[in-house]
Amino acid sequence: MRAVALGSFVLIAQAAHAGPPELYLPLDCTLGQTCYIEDYVDADPGDGMSDFTCGIKSRDGHRGTDIVLQSFEAMETGVSVLAAAPGVVAATRDSMPDIAVTVDTRDKVKGQECGNAVRIDHGDGWQTLYCHMKQGSVAVQTGDWVSVGDPLGLVGLSGLTNIPHVHLTVLKDGKVIDPFAPDADGTCDRQAGQDGLWATPPAYDPTGLFNAGFSTSVPSFEAVKSGAARATTSYTDEPLVLYAHAFHAQPGDLLEVSATGPDGIVFETTIPLEDPQVQLFRAYGRKAPDAGWPVGDYRGMVRLMRSNELIAWRRADITITSR
């Protein structure tokens, strides 16, 4: 859902200085505590996907690095997107609403997938692009000089996104560069180092969550992987089940699973992953009470934790109606 199209975001400033930029974290957060890296640049030139280590933490055609906040509540408090390197502001956009995109609404952001954004020129053809900022929050103007760590705006939900995060794209002469593997030749490398363009390279972890969803029964793994298990509506007398699809989990990792509805908490539990496989799913739920579930909207939350470190999270929504 979060691949970014860059073509409509036009560069309008000249070079700031020569040489590749040295990058710092473009978000006011602490990795593993208040944010985490979810997706990397897709290193597979074909129809598949691969991150720079030949892992699967990317999406087909993904053109940047996604750093995700720990929750929607964190976004509401206001978390600053920061300049990753010094340079001149080349372009901005600040007019798009903060609306989580669905399959039915993604065409509305076609051509503006980056959402509210800032592009910075670092000189010698190097640029960085910061996407999905909150409407009305962009704090810089074209032509401004910014230093490392200067606030550019706030994390939002504008453009092609359904989760609060900043998407950072690095470009050299208009070509997307993976900041973790700037010299990559279009292929991944299982022995790849992590220095890249970073002043302090963020640690790489192969573990993550593909998705989470509601179902009205415990689904099969094939249905989870294909998406057939996901239900967005159900009836008051049907069971309510929340599932999560994880990859490369480690023994001792925990899945924190919870669901809330019109009357508050429906269920919450922690599922230990004692002997995880390369891919796995877990599900937890409850039968409908005798009087049926209250009609309304329900939200599920899955958090993948390791020794109090946030590895990934996913949200799911379902609407329950009467027959």
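## Strand β5, tucked inside

Let's start with strand β5, which covers residues 116-123. Eight of its eight residues are buried, so β5 is largely enclosed by the rest of the structure. Here, "buried" means under 20% relative accessible area, "exposed" means over 50%, and "partly exposed" is in between (1.4 Å probe, protein chains only). Strands themselves are DSSP runs of E with at least two residues, and helices are runs of H or I with at least four residues, numbered from the N terminus.

A quick word on the source: this is a predicted model, where local features need pLDDT of at least 70 and side-chain atom pairs count only at pLDDT 80 or more, while totals for chains, interfaces and linings use all residues. Residues are numbered from 1 along each chain as its sequence is written, and side-chain values use heavy atoms, with hydrogens and water left out.

## The partners of β5

Which strands pair with β5? Strand β4 (residues 87-93) does, in the antiparallel sense over five bridges, and so does strand β6 (residues 126-133), antiparallel over six bridges. To count as a pair, two strands need at least two bridges between them in DSSP.

Arg-93 stands opposite Ala-117 in β5, and Arg-119 has Leu-129 in β6 as its bridge partner. β5 and β6 make a hairpin with two residues between them, and Asp-124 in the turn has a positive phi of about 60°.

## A look at Thr-65

Now hop over to Thr-65, which sits in strand β2 (residues 65-69). Is Thr-65 buried or exposed? It's buried, with a relative accessible area of 1%.

What does Thr-65 touch, leaving aside its neighbours within four places in sequence? It is in contact (heavy atoms within 4.5 Å) with residues including Ile-37, Asp-39, Val-166, His-167 and Phe-180.

## The whole chain

Zooming out, the chain has two helices and 18 strands. Its radius of gyration is 20 Å, close to the 20 Å that the globule rule gives for 323 residues, so the chain is as compact as a globular protein of that length. That radius is taken over C-alpha atoms, and the rule is 2.2 Å times the number of residues to the power 0.38.

The C-alpha atoms fill a box of roughly 70 × 40 × 35 Å along the principal axes. Buried residues make up 50% of the 323 in the chain. Among contacts with a separation of 6 or more, 73% link residues 24 or more positions apart.
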